[in-house]
Amino acid sequence: MNRIRRPAAALAALAALSLLGTACSTKASDSGGGTGADGVKTGPGVTEETITLGALTDLSGPYATLGKSIVQAQQMWAEQINDDGGICGRTIEIEVEDHGYDVQKAVAAYSKISPDVIAMPQVIGSPVVDALIDDLERDAVLSFPQAWSASLLGHDAVQVLGTTYDLDMMRAVDFLVREQGLKEGDTIGHVYFEGEYGANAVQGSTYAAEQAGIDIVEQKIKATDTDLTAQVTAVRGEDVDAMLISAGPAQTASLVGVAAASGFEVPVVTSAPGFAPQLLDTPAAPALEAMLHIVTAIPSVSSELPEVRQMVADYQEAYPGDLVDSGVLSGFNAAVLMGESLKAACDAKDLTREGLVEAHRSRDQVDVGLGSPQDFSDPGSPSSKQSYIIRPAQDSVGGTAPVEDATQPPGVEEYLTSAE
């Protein structure tokens, strides 16, 4: 089991998190329950002294870089909260389990830590969330996935933060029309992962393209496909005027790099999971800076928002030498939002799991300064319909630079109504 630690120690410990996790047994006797001396009802994960959160992350699989950033950002948040007196007079602790993006390991990790946590501000991976969603709902464990498929909506205990993949691709199509010169009769190639991520993304691109009189040419790929030469050749053969990619950073780098090398320099747009600033240390960097834009529910790390600038400064102090990437902002934002819901539950004198879910769902205008305001009142609707446009920028903090502030693309309300 891994408990919250000072940031300096956390640096050395990250590589051993999974080993620490497997060495620890659950502590049902510490799970809390009843009513505290302060009159606050408690349940699993809450005692008189502590509030324990869980993190099911990837520190050894394909999203290990993202997982490390999120874990460290949430550890930093917990330390800041604890230095300020905690929440509801209790110290925040975080139990971290590395599943390596393996669903079976994630299910086992959930069984291990779920008796001892009240909520999870981090669950990485659409396949992982899909496998656990019934358990999370049954156990009323408020969870914030690092996954944005619309299929995750409609569950009281599972909160997708920000927009979903389909809304992001609607924003991407709108951006291509407004700023990249696409017009009625043009064609967009959409390369996407098989599964919920890609399927949900192509729903949004198809709807928005139809409204604009634009055709979509689809190319489905697997997560193991890292050379997209065939896909670039295929969409180029369809005379596409732009490309969308809903995949991972490796696939985005291949798509853009292959296209640029062959002289096929058309605009490319991806969503947040499709880019990592580490790509700017690869040969694809010049093409990425020239051709790629990113749709994201959170602003660029180089944003001038005061809260973002403060987070960047704090993170650089806590983890000197580590890149402040989008995972840092995403993880910190999730932790802050979880903290606000815990405070609301404390105010209601109910820190049971059910009390936390109820407090969370009672909040409809939540603005912590780290992105768009969030509305948590309707489990069936995205908490935000606005997303930012950013671009790769090697000389900027976090490897990205702002392009457009958060905006809701046209047709979203009609799209969501048609999907009901």
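**Notebook: helix packing and cavities**

I began with helices H6 and H7, where H6 crosses H7 in a right-handed sense. I note here that the model is predicted.

**Entry 1: H6 and H7**

I looked up the residue ranges. H6 covers residues 165-179, and H7 covers residues 196-212. Their axes come within 7 Å and cross at roughly 40°.

Next I listed who touches whom. H6 brings Tyr 165, Asp 166, Met 169, Met 170, Val 173 and Val 177 to the contact. On the H7 side I found, among them, Tyr 197, Asn 200, Gly 204, Ser 205 and Tyr 207. Ala 201, Ala 208, Ala 209 and Ala 212 of H7 also take part. I sorted the residues of this contact by class: eleven are nonpolar, three are polar and one is charged.

**Entry 2: H3 and H12**

I moved on to H3, residues 64-83, and H12, residues 326-347. They pack at an angle of about 40°, and their axes are 7 Å apart. H3 is therefore oblique to H12. The crossing of this pair is right-handed.

Which residues of H3 meet H12? I found Leu 66, Ser 69, Ile 70, Ala 73, Gln 74, Met 76, Trp 77 and Gln 80. Facing them in H12 are Gly 327, Val 328, Gly 331, Phe 332, Ala 334, Ala 335, Val 336 and Gly 339.

**Entry 3: H12 and H13**

I stayed with H12 and checked its packing with H13, residues 353-361. The angle is about 110°, with the axes 8 Å apart. Angles of 65 to 115 degrees count as roughly perpendicular, so H12 and H13 are roughly perpendicular to each other.

From H12, the contact uses Met 338, Ser 341, Leu 342, Ala 344 and Ala 345. From H13, it uses Gly 355, Leu 356, Ala 359 and His 360. The contact of H12 with H13 has six nonpolar, three polar and no charged residues.

**Entry 4: cavities**

How many cavities of 30 Å³ or more does the structure hold? I found two. The largest cavity has about 100 Å³ of space.

I then looked at its lining, which has 13 residues. Closest to the centre of the largest cavity are Phe 275, Ile 294, Ser 326, Ile 390 and Thr 400. By class, this lining has eight nonpolar, five polar and no charged residues.

How values were computed. Residues are numbered from 1 along each chain as its sequence is written. This is a predicted model: local features need pLDDT of at least 70, side-chain atom pairs count only at pLDDT 80 or more; totals for chains, interfaces and linings use all residues. Side-chain values use heavy atoms; hydrogens and water are left out. Axes are lines fitted to C-alpha atoms, for helices over the stretch in contact, and angles run from 0 to 180 degrees between N-to-C directions. Helices (H or I, at least four residues) and strands (E, at least two) are DSSP runs, numbered from the N terminus. Angles under 35 degrees count as roughly parallel, over 145 as roughly antiparallel, 65 to 115 as roughly perpendicular and the rest as oblique. A crossing is left-handed if the near helix is turned anticlockwise from the far one by less than a right angle, and right-handed if clockwise. Contact means heavy atoms within 4.5 Å. Ala, Val, Leu, Ile, Met, Phe, Trp, Tyr, Cys and Pro count as nonpolar, Asp, Glu, Lys and Arg as charged, and the others, Gly among them, as polar. On a 1 Å grid over the protein atoms alone, a cavity is a set of points where a 1.4 Å probe fits but cannot get out, and a pocket is an open set with protein on both sides within 12 Å along at least five of seven lines; lining residues have an atom within 4 Å of a point. Grid points are joined across faces, edges and corners, and a volume is the space filled by probe spheres set on the points.
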